[in-house]
Amino acid sequence: MNAEPYSPDPPAPPVLQVVAMVEAAKGLMALLAASGLELLGPAPLRRGVEMLIARFQLDPQQGAMAWLGRAINPDSVHIAAAIALVYGGMRVAESWGLWRGKAWASWLGCIGAALYLPFDLYALVAHPVWLSVAVLGINLLVVWVLGRDLYARHRERA
């Protein structure tokens with residue numbers, strides 16, 4: 001029997017490339033958000049929060065939106081931009097790795113998506129709307145696809 005040699009990073013199946021495209025989109029949006037935060041600064045964000053408070057007739061002195069308005073300052077904007085930059089960079093790296101069929105990218109994506117599941121379940125219980133169901137379903141699908149890829153790689157090595 002003519003067996004192919006083991007490859008730890010075989011060519012990516014099309015389903016992994018679909019996940020890679022989704023991760024690339026998420027990463028690029030995060031990088032754009034980081035850039036926007038740095039370019040715009042805190043003033044437009046504060047105005048946006050004030051507009052939301054006025055629009056929904058919220059108490060401007062108490063509540064989450066009031067706290068958010070007070071928390072927006074140059075330092076917090078830099079921190080938020082840095083977090084978005086790291087997140088975006090990780091997603092772009094993951095998408096590159098998934099596109100190239102790298103095992104580390106499947107691990108990163110599977111663990112990353114699985115970390116969201118408790119929050120998705122909480123959102124579904126707290127707000128049972130179709131969007132909560134869709135987000136949970138997508139994250140479960142990503143965990144399943146990437147977990148299946150990792151399991152297939154493990155079986156090939158054995």
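**Exercise 1.** Which residues of the largest nonpolar core touch the most other members?

*Solution.* Keep in mind that we are working with a predicted model.
- Step 1: The largest nonpolar core holds 15 residues.
- Step 2: Those that touch the most other members are Leu16, Val19, Leu98, Cys110, Val142, Val143 and Leu146.
- Step 3: Two or more residues of this core are given by each of α1 (14–40), α5 and α6 (130–157).
- Step 4: Helix α6 supplies the largest share, six residues.

**Exercise 2.** Pick out Val19 and find which residues it contacts, leaving aside neighbours within four places in sequence. Then look for a second core.

*Solution.*
- Step 1: With those neighbours set aside, Val19 is in contact with Leu98, Val142, Val145 and Leu146.
- Step 2: A separate core of six residues also exists, and among its members are Val49, Ile53, Val77 and Ala81.

**Exercise 3.** Describe how helices α4 and α5 cross, and which residues meet there.

*Solution.*
- Step 1: Helix α4 covers residues 74–99 and helix α5 residues 103–126; their axes come within 8 Å and cross at roughly 130 degrees.
- Step 2: Because of that angle, α4 counts as oblique to α5.
- Step 3: The handedness of the α4 and α5 crossing is left-handed.
- Step 4: On the α4 side, the contact is made by Tyr87, Met90, Arg91, Ala93, Glu94, Trp96, Gly97 and Leu98. Their partners in α5 are Trp104, Ala105, Ser106, Leu108, Gly109, Gly112 and Tyr116.
- Step 5: Sorted by type, the residues of this α4 and α5 contact are nine nonpolar, four polar and two charged.

How values were computed
Residues are numbered from 1 along each chain as its sequence is written. This is a predicted model: local features need pLDDT of at least 70, side-chain atom pairs count only at pLDDT 80 or more; totals for chains, interfaces and linings use all residues. Side-chain values use heavy atoms; hydrogens and water are left out. Axes are lines fitted to C-alpha atoms, for helices over the stretch in contact, and angles run from 0 to 180 degrees between N-to-C directions. Helices (H or I, at least four residues) and strands (E, at least two) are DSSP runs, numbered from the N terminus. Angles under 35 degrees count as roughly parallel, over 145 as roughly antiparallel, 65 to 115 as roughly perpendicular and the rest as oblique. A crossing is left-handed if the near helix is turned anticlockwise from the far one by less than a right angle, and right-handed if clockwise. Contact means heavy atoms within 4.5 Å. Ala, Val, Leu, Ile, Met, Phe, Trp, Tyr, Cys and Pro count as nonpolar, Asp, Glu, Lys and Arg as charged, and the others, Gly among them, as polar. A nonpolar core is a set of buried Ala, Val, Leu, Ile, Met, Phe, Trp, Tyr and Cys residues joined through side-chain atoms within 4.5 Å. Buried means under 20% relative accessible area, exposed over 50%, partly exposed in between (1.4 Å probe, protein chains only).
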